[in-house]
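Here are some comments for a colleague who is looking at this entry. The points below take up overall dimensions, a domain boundary and a chain contact in turn.

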Amino acid sequence: MSSPDGLFTDYRLDGFFDEVFDAEGHCRPHYAPLLARLTGFTPDDLMRRTRLRDAAFRSQGITFTVYDEGEGIERTFPMDLLPRIVPADEWSHIEAGLVQRVSALNSFLDDLYVGEGAAIHDGIIPSWVVKSSDGFCREAFGIPVPLGARCLVAGVDLVRDGEGTYRVLEDNLRNPSGISYVIENRVAMTRVLPSVFADQQVRPVDHYGRSLLNALHRVAPPASSDRPTVVVLTPGVFNSAYFEHVFLASQMGVELVEGRDLVVDDHVVSMRTTQGLQRVDVIYRRIDDDFLDPVPFRTDSTLGVPGLMAAARAGNVTIANAVGNGVADDKAVYAYVPDFIRYYTGEEPILPNVTTYLLWDDDQRNEVLDRLDQLVIKPVAEAGGYGIVIGPAASDEDLATCRRQILEDPRNYIAQEVVALSRHPSLVEDHVEGRHVDLRPFVLSGEDIEVIPGGLTRVAMRRGSLVVNSSQGGGSKDTWVLAGAPGDGDDVAGSDHEAR
Amino acid sequence: MLARDAESLFWSGRYLERAEDTARLLDVTYHGMLETTPDEEALAWNDVLAALRLDGVYAKTGRPLTATAVCEFLVLDTTNAGSILSAVGQARENARTVREQLSTELWETLNSFCLELRARNLRADLEFQPHELYGMVRRQCQTVAGVAAETMSRDEGWRFFVLGWNLERAEMSCRLLSARYRQLSPSAFHQWMGTLRSASGLEAYRRTYRASMDPADVVEFLLLSRTFPRSVLFSLRTAENALARLAPDGELTRPLRQLGRVRAGLEFADVRELMQGDLGEELWVVEEGIRQVAASVATQYFSNSREFDLHSVHLMPGEGGRP
Amino acid sequence: MRLDIRYRTAFTYENLVRESQNELRACPASDEQQELIAYRVYVAPSARVYSFTDYWGTRVDSFGVRLPHVAIEVTAEASVETFLRPQVTVAPHLDSLRDPAYLDAHHEYLQPSPHTDWAEGIATEAARQRDLIGDDVVSLVLALHRVTGARLTYARGATDVGIPVEDVLAQGKGVCQDFAHLAVALCRSQGIPARYVSGYLFTRDDSTGTDVDDVDVVNVQTHAWFEASVPGFGWLALDPTNQQEVGDRHVKIGHGRDYDDVQPLRGVFSGGAAPSVDPHVEIRRVRASDSPPPGERRRDPLQLNELARQQQARDVEARTQHQHQQQQQ
């Protein structure tokens, strides 16, 4: 590698698109300052600082809980000290694509739940795909959301393929988590490795609380006061993402409540305080739809608030993210999102999907069954990375089971081409190796659609692994978006720019 | 603040003080009994249970009134909500639900106290080194109190914590006095010394009252001292202070009025009059008063916070009458 | 036929209940077969009612009571005009059910649902009927409707809410809800879209559906039947409990995939033991020269609540003390 020696002397690309080094092994320009700053650091130095960061996170309780056979184990989400850097022009492209995509998703959801269902009538998506989706929520019908901002917070997972093209892997429109790590990782980096920030202009992320609160204020019901009361609704201490709920409430300076702290009287929601009942206007809820309100939903749920849905329907409270978003982040509906973009915005999608095959289509299914060992098979109804079969890595037995499952229930499966995820140098014990990464930017819908610079870069910690979810042993990196120089916007390469 | 959070902080304070006071009481009782006969011992242990208002509950368990049995009940029995182990556990659970309102150090101190207690072989401790154990509990409780005082902002949450803690202290001190005042005679003074020691007040007492062995002086000290932090009056004044700051705009809330009355009764009491009258009755009135204050605090501030036990209802067409 | 319907449900609890939140689905629909003329709903103890139309097109009245109470009574009064139904004149072949557009449009009414999750028993019976009847949709629907009546005996209290429809068939008895679920499951197992209907029946006797020529007021319960989709015709409504076609004595409230989508009353309450539930439906045929009927006498929930409130004041003191003591121990 032509780079400062020590850390990267034995670094190999192995044919993958690398974030830091190009195909000839030269350091990409936007990483040069960082690598220069890292000269003189040994892997030991970096490991020591990593341990410092882990210890700090653990004692602060920045952990998540993994449940294994009923036992809850507290884990910190490991952070690799080498940051991922996105140059300004690349970020502009990503940002434009995300704004376009989330805008189309908001439109689709609004159209579906309070509109005419035009996308279905006009044949953009078959009715049965929508209606058989687990996330399709009939109880949300007719409940309006101000500004149509149903995906108040969206987490869109992006991957980079072998050519370096950013593609959307999946949308998370219900309860996307991870923003707390984005912010805490940045803080940790400035503490344990401050010198790497010199000479660079990294766009800050610590305004998230303010932006989120603004967006929540914007979606308050028309009848609320100038300073609407916002709360964060959590399932409680036993939820694996509880730390993040605490974090968000504290960043925004609002109360963190559980279902039992809220009460509905005359279709108005209030919280129980020491000074009596205080009216609530907007609820940022981190509870799944099914558990929100035992009257229309599961009656055995004690996490929710009886009468909440009626209050939302009556226009006395706004629930964010809106109920029923799950239909739009359904793996089957995913395949139609590029069509949504064309239909609702009139534009071509800026960020493409990963090539996806729908197994209920006879032709597509037959082709897929012929190439099962080359593709990724995903069950439509599972979340968190569970149930996925990665063809090239699966045993004959697994493939046979997979084939059988597809034939039994073709409407429950999609197939995707294996994406050769890009890699990023990461600290592995005493040296640096390439590890697969993805990127989850966070997108806020309020008055406008705002994307937080960067997002959560997740790293697969095991060599060769493509799985990055926290619940299955992934890690993270601080993600930097470099501020563009004045006038840089005009230099953005790309024919689409000239076509305007 | 959320009613539920306030209630958690209030009870956290109460449970911590309960654990400490129980440890103090047991420490002193145990050592005061090294030279008693079995009958005297049974009586003495019953007094201890009575002081904690657990004599009835204990009688129902049918266990003997021996040091081992009673101490196990009061220290490690998890079916007894008032045992030290239970109380510390409850303090921690209550604190956990409001963890983000506590400082990191406070949570870590309380958490490690609880974990340490659970990790010990308490039965062996009780047999071989009870004094060690009680000392550890007392010190840990004091540490938690100290860390809390040093790291918590003086906000609403802090006031509820202080309120619970001091109401519990006042009530426990009252009961202790109640249980002991019958042995009022100069010849039983070594028992009085034990009582003073259990309140960490022996030195303070001597500084004020010198070598006096007059029971009235002891009562005055433990009940009416304005300077000794574990006296009933002192605890009530601290509690009243906290409660006053919880009322918006100096409003005279019901619990504040009630607490004020109890405190005033002691503020202007004359210990000679008390000793000549029915001290037991007087102490009972104070204890009752404190209980009513706690109930009023709950109604005033926590009554909004209630656990929801949900039952669902659905009707079938064609069905009627009892489901 | 012009009908006035009063649907009333009273809940009485053994202990004081602190809170209750509910959704009522008791309002007759307006469609080609009936016209809703008037409707109002009220609750005692007094509660604001918020009304909306749900996904299935059913009117929902939602209300909550947050005062301590031992009794709630909710009353819905409706006036509706029902019309005679057109006869089926088409005879589509079973193949027409497989048209992709038709399948897509009726997707929801073809899937198993919690109360219509069929297995071997039902599939076999339906297939048997198909073999006997042939490929005509209407005839098959009528046959499945008939066989439902043949395989089940009407018996109250024989089934619990939530009993799987296969068990209903196996046990051979049930109430109108079970008859409807079985008929729906039989249809769906043969690829015929079918939906569950909740409503009222102006009849002397719930279990026989006897006509009421000589009586103008009846006291019954809510009723359930089903509708099957016939290509080229629409929804064919049949009452399997009474083995008759749905006509102008049936008043529809709404439909759904099964009972869960159109429950007359669902809700939650807190505190206290299970309620004793007392539903009543009074239906009156309105002829041109009628005057309003006298109301039925019933226990006044407001009176019950006042007594309960006085008792509560006495209980709260005692209970708080007790609770306090418990926490202390």
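Predicted model: local features only at pLDDT ≥ 70, side-chain atom pairs only at ≥ 80, totals over all residues.

1. The radius of gyration used here is taken over C-alpha atoms, and the globule rule is 2.2 Å times the number of residues to the power 0.38. Because that rule puts a compact globule of 500 residues near 23 Å, the value of 23 Å for chain A agrees with it.

2. The C-alpha trace of chain A spans about 70 × 60 × 55 Å along its principal axes, and 47% of the 500 residues count as buried. Chain A holds 14 helices and 22 strands; among its contacts between residues at least 6 apart in sequence, 70% join residues at least 24 apart.

3. Chain B is divided into domain 1 (1-152) and domain 2 (153-303), with 20 Å between the centres of the two domains, taken over C-alpha atoms. Their contact takes 28 residues from domain 1 of chain B and 25 residues from domain 2 of chain B.

4. On the side of domain 1 of chain B that touches domain 2 of chain B, helix H1 (3-32) and helix H2 (38-51) of chain B each supply at least two residues, and H1(B) gives the most, with 19 residues. By class, this side has 14 nonpolar, four polar and ten charged residues.

5. Between chains, 17 residues of chain C are in contact with 21 residues of chain A. The elements of chain C that give two or more residues to this side are strand E2 (19-24), strand E4 (50-53), strand E5 (59-65) and strand E15 (265-270), and the residues of the side of chain C that touches chain A divide into four nonpolar, six polar and seven charged.

Notes
Residues numbered from 1 in each chain as written. Chains lettered and ligands numbered in written order. Domains from an automatic or database assignment. Contact = placed C-beta atoms within 7 Å. Helix = DSSP H or I, 4+ residues; strand = E, 2+ residues; numbered from the N terminus. Nonpolar A, V, L, I, M, F, W, Y, C, P; charged D, E, K, R; others polar. Buried ≥ 20, exposed ≤ 12 C-beta atoms within 10 Å, placed from the backbone.
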